[in-house]
Amino acid sequence: MKNYIKADEWNIIEEGFDPHLNKISESIFSLGNGRMGQRANFEETYSGETLPGNYVAGVYYPDKTRVGWWKNGYPEYFAKVLNAANWIGIEVKVDDEILDLAKAEVKDFKRVLNMREGYLERTFTAVLNNGKSVAVKSTRFCSIADDEVGAIRYSITPLNFDGQISLMPFIDGDVKNQDSNYDEKFWDKVSDEIIDNEAYIQLRTKKTAFEVCTGSAVEVYQGSEKLSLTFEPVYRDKFVGQSTVVATKANIEITIVKLAANLSSENHPKESLQQETKVVIENAVAKGFDTLLKEQAAAWAHKWEESDIVIEGDVSAQQAIRFNIYQLFQTYTGKDDRLNIGPKGFTGEKYGGSTYWDTEAYCVPFYLATAPQEVSKNLLIYRHKQLGKAIENAAKLGFKDGAALYPMVTMNGEECHNEWEITFEEIHRNGAIAFAIFNYIRYTGDEDYLIQYGLEVLIGIARFWKQRVNWSNDKQQYVMLGVTGPNEYENNVNNNWYTNILATWCMKYATEAAQTVKAKAQEQYNSLLKSLNFKDQEFADWADIIAKMYYPADAERGIFLQQDGYLDKEQILVKDLPASERPINQKWSWDRILRSCFIKQADVLQGLYFFEEDYDLDTLRRNFDFYEPRTVHESSLSPCVHSILAARLNDEARAYEFYLRTARLDLDDYNNDTEDGLHITSMAGTWMSVVEGFAGMRVRGGKLQFNPFLPGKWKSFSFTIGFRGATLKVNITENGINIKNHNDVTLEIGIRNQIYTLAGNAEIEVNNAELV
């Protein structure tokens, strides 16, 4: 675990430059706006260890899959988000010596991510080998007010000399991904152009033929005076730069302002892409850096109004939760239903930047409560648009009659995961998509979604589960063979409890959804079922499976078994593992892991989290107390579920322990992998740990309910949520709970076991003494 980030409520601060931590910091200080993003690479040259990364949403490449064998139904490629043109580059020379922090003496280095206003600032002093010293301050951001625009203000002050400083702002499209097979590069040049202080380069991806035009305009100031300089054009392979020389005097600041834009053929015609990029650049130049920065601050102020969590008495926890919320909104804004949330967002290339079940299980609850309803709805529409591909994916594995298997990993709806035990067996992802539809409707009350989109998806998923089970003559029950549950440290198991319970729930919910649509929109219902060639016998088939599904359990312990044979494993607890053997995924062979009882992340407990209404507290406690001590939490998605369940059990110590682990997972580099990128989807779990865990927020019978407690280290915490047209500010103190309604909507609110009426623009306050 690292601990070099300074505690601050609104800022992420690094003081001092340690090259060994640079790749970690590049992840932590990443920027994004939902349409594009970048790692916190330096603007100036850096020859040290770095992971360059600039990414444009929706642009990907179907890379060769890395396996030495093939099976029928195996994905043909592994899709990955592409490292795109580097638009931040500014080469700086001081009397012909390149400014490079890997070669200079670095003093007073400080990097600050201002989360309140949405920008990255970096300052340092560098003593070059020629003895000359410069002070540098850079400020940059990816605008969420105009999500095709990025801006940099880069200032250099010569400290001990008069002389010349050469500047070359550039755009470099000759880039590759860190995990490129055979160091393959994925971009071809379409066109490039340099016109005075403007530069443009248009690139096309191989195979997929996406096109992205990156443009920039630069201005140079000395003190407050704008300089009239001549820029010499520099053309290289997929590279455009503009070189100029500035005569300098000691202690007089030189500032280069670089305004840039990334426009994609996903949003603009290819033939006019460069011209439209010029228009975006012209508009950005007309506003200027300061105005763009003010717009950025205003846009972020609005986001914080909708989503902020305020923690009193624990600066470390406050910083962590804001960092998690900030990165989530940098990754996804919900404006485009073609986009989704990659596990690393715009902060790295691991997992290919593709969509996983993380979105439905972890991110949807966050966006439901903290953003306009359309945002979470677009995440669901994304899956509806890919239903045809899900049916194709199922057909490749031998399923028929409209059965849909959503992919474990995807860009366009087609499965592209390159591990068989995941691709073929981790089929519980199908259920997470159905659960997200249920969760969305439960929260918003938007049953019209079922009519327009949801029922069609639910039927496809239910059809898959019906074909995936088989009848066991031995058990006289339906069983599910050859699966991998959420615990990926078990492969090819039979009757994973979570998968079985999720399958029957999906069929039950699809049946209920069909009855809802039939009652609300008979004509559309009949039309949909006709188009799907759906027969009422399918409802009967689902009901039979629901009634006769086998669920492994241990009656003596009163627990659900993770899968058949789990108790045949040697039952060792995590506390008895030597520290030298952790994490086991880095220290043990895969064979040893598979034979162990150790659990990567919540499995049975994931099911109890989803369906806690169906189980009493004693059942939850027995399963929690059995499985948590066997869980190594080597998935970033694990601690949040355990935190929420521990809170439900009034186990404050463990609830807070797991919260801290998920909240500061990346800031403190718990798993020694932050350098690969941040864990964006698990960040939503951090929010869930506070709101669903400590505040105990649930939706039951169309009403918000709270079962709050205050962690002992906190004086209070508060958060804002949107619910069915109301904006609520919830404040929890050692004395009780206060809820303010900032809209005209009247709601009924459950607090512990009592229902209160919260009128529009009113508030309720309930003291702990009143809570049962």
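Modeller: Let us begin with residue classes: Ala, Val, Leu, Ile, Met, Phe, Trp, Tyr, Cys and Pro count as nonpolar, Asp, Glu, Lys and Arg as charged, and the others, Gly among them, as polar. In this predicted model, the lining of the largest cavity has nine nonpolar, one polar and six charged residues.

Colleague: How much space lies in the largest cavity, and which residues are the closest to its centre?

Modeller: The largest cavity holds about 270 Å³ of space. Asn439, Arg442, Tyr609, Glu692 and Arg698 are the closest to its centre, out of 16 lining residues.

Colleague: Which element supplies the largest share of that lining?

Modeller: Helix H8 (429–444) does, with four residues. Among the other elements that each supply at least two are helix H4 (358–370) and strand E26 (698–700).

Colleague: What is the volume of the second largest cavity, and how do its lining residues divide by class?

Modeller: Its volume is about 100 Å³. The lining divides into five nonpolar, three polar and four charged residues; Lys396, Glu414, Glu415 and Arg429 are among them.

Colleague: Turning to helix packing, at what angle do H9 and H10 cross?

Modeller: The axes of helix H9 (residues 448–468) and helix H10 (residues 497–520) cross at roughly 145° and come within 8 Å. The crossing is left-handed. In the contact, H9 contributes residues including Leu455, Leu458 and Trp465, and H10 residues including Ala503, Met507 and Val517. By class, this contact comprises 15 nonpolar, two polar and three charged residues.

Conventions: Residues numbered from 1 in each chain as written. Predicted model: local features only at pLDDT ≥ 70, side-chain atom pairs only at ≥ 80, totals over all residues. Heavy atoms only, no water. Axes fitted to C-alpha atoms, helices over the stretch in contact; angles between N-to-C directions. Left-handed = near helix turned anticlockwise from the far one by under 90°. Contact = heavy atoms within 4.5 Å. 1 Å grid on protein atoms, 1.4 Å probe; cavity = no way out; pocket = protein on both sides within 12 Å on 5 of 7 lines; lining within 4 Å. Points joined across faces, edges and corners; volume = space filled by probe spheres on them.
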